[in-house]
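Try each task before reading its solution.

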Amino acid sequence: MNTITNQPKPLSEKDRIAYLDILRGIAIFFIFSANIVYFSGYFLLPENILENFPFTSVDKIFDFIMYTLVDGKFYSIFSLLFGIGFVVQYNNLKKHNKPFVPFFRRRMFWLLIIGLCHLTLFWIGDILTLYALLGFILILFRHKSNKQLLQWAVALILFPIVHWAFMYVTGWFYPGYFYKLYGEYWQSLGLPMIEMGNGQLRPNGMHYFQIDNLSTFFKANLKRPVVRLAMILEEGRAFKVLGIFLIGIWAGRKILNEDILSNTKLLKRIAFYGFIIGLPISVFRTVIELYLRTDAFWDFMHTLTYTFGTVPLAMAYASAFALICQNTNTWLKWFAPVGRMALSNYIFQTFISLILFNAFGFGYAGKLGFTSIMGIALGIFICQNIFSRWWLKHFKYGPLEWVWRQLTYGKRMAIKNRRI
């Protein structure tokens, strides 16, 4: 009896902050709109095919706009929300005199297991694994002052610039070892390679979508986490994400302790400066990515513009949405059901995309233009919204949220809503 009494309790419905569910739902949509470019094979189409691809008149314009306004910004918002959620859970446990560290470690452990299954079996772009691993580190910052949090955040967000310079000056591109490792594994499966301009070989990415045998598909995925590790190391993404987590802790404290969501003046200031700084730099980054990234100088400029453009623009979005949400009848409430089931919807997007684009499903990879792919993303998200609304009428949590909660709290939890 005492064991059950001492268990930490999840947040009650009345303690939920509507804005966070809305923002989480918006982030899930735009993260999917970025991920589906990879799911669809569009990103991996070779230049000779792209040159003759039947683009619509708006495809390239749409691509430019999406890369400028979406790429990196909404996973940054999702990272911000992770930090805010950290504070919400910390305060909830402290309010009930429950130990936070053991609870959060269990929570991160089971998120890590879910993320590793997602990453190893299905989707190379998984973010859950990285979030879980960094979540263990985040515990160390729980008692830092707001000033210290922001100082650490700035240092971590800027660190990828130093990291890039280190690799360039030393000539040691150490992530290349992991790319090479996966290439050797790919070859061991008898899968085709393609020759790069420098004479090196790499796995034929488009062939991945043509694998129609599930056994071969899972074998090919088995060591794809090695590629994911290489990508994270190359970008210095772990530093950026941890830095944004810390901004999230700062924001969470401001939301819970100072009601920052009602501070219209401050929100307008953050939005204004975020757009003024982030938007032009993000436009420049897109120009570099699409037209100029041909040598080390432009590669460095791409890193620089990502650092100084992405986070300010993400903060501007978050503040602008907060301003809109001050109207309790805002149309943005439409996103909230998906946000309440963010984990389930994120994983469902992977399964839907694999069935739609891979050869063991409908096999549409490499056959659609950018605008069509974005239309599909919107259609899938609308279906997810309808499903989420239906589900939450009958159940308290999303299906994967329910599983994660039970594993975290170590007990069976009711999922059905009580009939009134």
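**Exercise 1.** Find the helix that holds Lys-254, then decide whether Lys-254 is buried or exposed.

*Solution.* In this predicted model, Lys-254 lies in helix H13, which covers residues 237-258. Next, take its relative accessible area, which is 17%. Buried means under 20%, so Lys-254 counts as buried. To finish, list its contacts beyond four places in sequence: Asn-146, Asp-259 and Ile-260.

**Exercise 2.** Work out how helices H2 and H17 are oriented relative to each other, and which residues bring them together.

*Solution.* H2 spans residues 18-39 and H17 spans residues 342-357. Their axes are 11 Å apart, at an angle of about 25°. Angles under 35 degrees count as roughly parallel, so H2 and H17 are roughly parallel to each other. The crossing of H2 past H17 is right-handed.

Now look at the contact itself. H2 contributes Arg-24, Ile-28, Phe-32, Asn-35, Ile-36 and Phe-39. From H17 come Ala-342, Asn-345, Tyr-346, Gln-349, Thr-350, Ser-353 and Phe-357.

**Exercise 3.** Identify which residues touch the most other members of the largest nonpolar core.

*Solution.* This core has 115 residues, and the answer is Tyr-19 and Phe-78. For Phe-78, set aside residues up to four places away in sequence; the residues it touches are then Arg-24, Ala-27, Ile-28, Ile-31, Ile-127, Tyr-131 and Ala-342.

Terms used
Residues are numbered from 1 along each chain as its sequence is written. This is a predicted model: local features need pLDDT of at least 70, side-chain atom pairs count only at pLDDT 80 or more; totals for chains, interfaces and linings use all residues. Side-chain values use heavy atoms; hydrogens and water are left out. A nonpolar core is a set of buried Ala, Val, Leu, Ile, Met, Phe, Trp, Tyr and Cys residues joined through side-chain atoms within 4.5 Å. Buried means under 20% relative accessible area, exposed over 50%, partly exposed in between (1.4 Å probe, protein chains only). Contact means heavy atoms within 4.5 Å. Axes are lines fitted to C-alpha atoms, for helices over the stretch in contact, and angles run from 0 to 180 degrees between N-to-C directions. Helices (H or I, at least four residues) and strands (E, at least two) are DSSP runs, numbered from the N terminus. Angles under 35 degrees count as roughly parallel, over 145 as roughly antiparallel, 65 to 115 as roughly perpendicular and the rest as oblique. A crossing is left-handed if the near helix is turned anticlockwise from the far one by less than a right angle, and right-handed if clockwise.
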